[in-house]
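Please read the following report with the sequence and the three-dimensional model side by side, so that each residue can be located as it comes up.

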Amino acid sequence: MENINTEAVIKDLAFLPLDLPEFHPSPDLYDRLCKLYELENSAIDDDYRNCKHIPIYITEGNDANNYDDKTDYNWTSQSEEVPELVDYIKTHVQPWANPLGRIMIICTRAGEENPPHIDCSPDKFDKTLQHKWRMVLHGDVDSLYYITETTPDKEIIPANVKERPFMMSGSWPHGMRNNSNQMKFTLAMGSPWDADTTDGYTQLIENSFRKFNNYYLSKKGWLLPEDHVNLYEEKYKWKEYIKIIQLKT
Ligand SMILES: [Fe+2]
């Protein structure tokens, strides 16, 4: 593959494994993560996504819903229990995501689902790329699914590229079913980081596409579910309803 239209790869990206070192969790990581999940005042409830978040690198206040573009980010006390994750981020993520976005560990309980949702506001849906960095620490990558009208079963599922970090679109409606009998843990970086326009990020995507284009999912041509407005977080929905009413009148 010689010529890659990296700009298009970035714009249409729904899913792409990254050309970054594989991460092989040590045997005791799962237990440490479970402890952090159970610890009082450690993991934060996220009702919208039916999961908990263990904060790793956040603004003050441990607020899972703090989407402000603040820059006073700090490593949390929880991050001290998982130094290998901090080390991975500093070594392999920070070089192309500078400054880093908010980092959490998403905890999805055994047999439960993060119901279909959209990880941004309607205002940002078309105007920003909403790329989200993910690395599954325990569980399967292919428990993630995108919703689209394009396929008969209305779902598109990525390949189960375990041990490999990946980039995904957080704006396309998606959900996750943890059908296993253990908690799924996913290291996640997102807002306010949103797909750097830096050379480092462009290069990362180009290298990753060159290596993993077989696993690349493009959202180009995907059709949004008709009721996708219902999938926005409650605080955003009313704005969209007003827009629809205005269009109809
Ligand atoms: Fe999500």
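## Basis and overall form

This is a predicted model, in which local features need pLDDT of at least 70 and side-chain atom pairs count only at pLDDT 80 or more, while totals for chains, interfaces and linings use all residues. Residues are numbered from 1 along each chain as its sequence is written.

The protein chain holds six helices and 13 strands, where helices (H or I, at least four residues) and strands (E, at least two) are DSSP runs numbered from the N terminus. With a radius of gyration of 18 Å, close to the 18 Å that the globule rule gives for 249 residues, the chain is as compact as a globular protein of that length; the radius is taken over C-alpha atoms, and the rule is 2.2 Å times the number of residues to the power 0.38. Along the principal axes, the C-alpha atoms fill a box of roughly 55 × 45 × 40 Å.

Of the 249 residues, 32% count as buried; a residue is buried if 20 or more other C-beta atoms lie within 10 Å of its own, exposed if 12 or fewer, and partly exposed in between, with C-beta atoms placed from the backbone. Among contacts between residues at least 6 apart in sequence, 77% join residues at least 24 apart, a contact being a pair whose C-beta atoms, placed from the backbone, lie within 7 Å.

## The four-stranded sheet

An open sheet of four strands has the order S6-S11-S8-S9 and antiparallel pairing, where two strands pair if DSSP finds at least two bridges between them. Strands S6 (113-117) and S9 (155-156) stand at the edges with a single partner strand each, so one side of each is left without a neighbour in the sheet. Strand S11 (residues 174-177) is joined to S6 by three bridges and to strand S8 (residues 144-147) by three bridges, running antiparallel to S8. Met176 of S11 stands opposite Asn114 and is also the bridge partner of Leu144. The covered face of S11 carries His174 and Met176, whereas Gly175 and Arg177 lie on the uncovered one.

## Strand S12 and its partners

In S12 (184-190), seven of seven residues are buried. Lys184, Thr186, Ala188 and Gly190 point one way from the strand and Phe185, Leu187 and Met189 the other way. Its pairings with S5 and S7 are set out below.

| Strand paired with S12 | Sense and bridges | Example of bridge partners |
|---|---|---|
| S7 (131-138) | antiparallel, five bridges | His138 and Phe185 |

## Nonpolar core and helices

The largest nonpolar core has 45 residues, of which Leu16 and Ile105 touch the most other members; such a core is a set of buried Ala, Val, Leu, Ile, Met, Phe, Trp, Tyr and Cys residues joined through C-beta atoms within 7 Å. Leaving aside residues up to four places away in sequence, Leu16 touches Phe166, Met167, Ile205, Ser208, Phe209, Phe212 and Tyr216.

In helix H3 (residues 83-93), Leu85, Ile89 and Val93 are buried. They cover an arc of only 40° around the axis, which puts them on the same side of H3; the arc is that of the directions from the helix axis to the C-beta atoms. The buried residues of H3 pack against S3 (51-58), S5, S7 and S12, while the face turned away from them carries the exposed residues Pro83, Asp87, Lys90 and Thr91.

Helix H5 (residues 199-212) has 14 residues that should span 20 Å at 1.5 Å a residue, and its end C-alpha atoms are 19 Å apart, which agrees; the expected span is 1.5 Å times one less than the number of residues. Tyr201, Leu204, Ile205, Ser208 and Phe209 are the buried residues of H5. Seen down the axis, they fall within an arc of 125°, so they line one face of the helix. These residues pack against helix H1 (6-11) and strand S1 (13-17), and Asp199 and Gly200 are exposed on the other side of H5.

## A loop residue

Asn179 lies in the loop between S11 and S12 and is exposed, with 12 other C-beta atoms within 10 Å. Apart from residues up to four places away in sequence, Asn179 touches Gly111 and Ser143.

Technical notes:
Contact = placed C-beta atoms within 7 Å.
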